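Subject: Structure handover

Hello,

Here is the structure I said I would pass on. Please open it first, then read the notes below it.

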Amino acid sequence: MLISHQSQKIFISIPKTGSTSIMSSLNEGSLHYKPAIYHASFSEILAFDDKTLMNNDFLFIGNKFNLSTNFFKKKISEYAIYAVIREPIERLISVYCDAKKDKNHKTLKEISKLDSLDEFCRFYLSKNPLDHPRHLWPQNFFISNVPLKNLHLYHFNNLQGLLNKLYGNFFWQNVALPHLRRTDSASLKLHIKSSLLKKLKVSLKDDYSLYNSL
């Protein structure tokens with residue numbers, strides 16, 4: 001997550017939605033933290049202590065204003081919330097690809113041992129989604145409880161538009177966005193058995209409702 005107390009905006013970093021590209025462009029220091037903070041849900045952000053919320057690693061570039069703790073603690077639930085939403089199954093495939101590329105990934109070791117994409121799909125379906133590492137948590141979970149009037153969602157294919165929106169608050173210019181950890185999830189999706197695809201779509205129905213609303 002990144003937060004601007006100056007402009008009262010929060011970026012929620014949903015795993016595998018291009019969030020690393022956004023975060024690294026706005027504040028590289030934010031990349032060095034555990035997923036529980038780096039990929040925090042809105043509910044978790046509201047529960048963070050003052051020290052975390054004022055940590056320079058989680059502030060947008062240019063956000064150097066020192067505001068009183070009481071001020072933003074009372075107002076943080078009213079901040080504008082920004083997040084990226086990705087095609088749900090393609091997002092899961094991207095997690096699998098990452099795990100296979102980096103077999104030493106701290107939170108995805110179990111996934112790296114799976115032999116095929118179909119096996120990964122069966123593994124995902126075998127558990128409650130929230131019992132998986134947070135990289136596999138449903139996208140809607142990260143933004144649940146956000147007041148609709150405060151929520152600003154961007155499509156995965158419009159990462160540059162989101163970066164321009166966030167970055168422009170401080171520099172009034174467009175900044176080129178490097179797309180890090182790119183995977184061709186759309187073509188890999190074609191290789192999943194149709195029976196598994198149907199089950200995944202049922203399991204991810206809330207994410208698909210969110211994705212199709214954009």
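Asn-145 is exposed, at a relative accessible area of 64% (exposed is over 50%, buried under 20%, partly exposed in between, with a 1.4 Å probe and protein chains only). Its place is the loop between helix 9 (139-142) and strand 4 (151-155); helices (H or I, at least four residues) and strands (E, at least two) are DSSP runs, numbered from the N terminus. The phi of Asn-145 is positive, near 75 degrees, and the residue is not glycine. Most residues other than glycine have a negative phi.

On sources: this is a predicted model, where local features need pLDDT of at least 70 and side-chain atom pairs count only at pLDDT 80 or more, while totals for chains, interfaces and linings use all residues. Residues are numbered from 1 along each chain as its sequence is written, and side-chain values use heavy atoms, with hydrogens and water left out.

The whole structure has six aromatic pairs (rings of Phe, Tyr and Trp, the last by its six-membered ring, with centres within 6.5 Å; planes under 30 degrees apart are stacked, over 60 edge-to-face, the rest tilted). One of them is Tyr-33 with Phe-58, tilted, with 4.6 Å between centres and 55 degrees between planes. Tyr-33 is partly exposed at 29%, whereas Phe-58 is buried at 1%. Phe-141 and Phe-142 are edge-to-face, because their planes stand at 80 degrees with the centres 6.4 Å apart. Together with Trp-137, Phe-141 and Phe-142 form one aromatic cluster.

Regards
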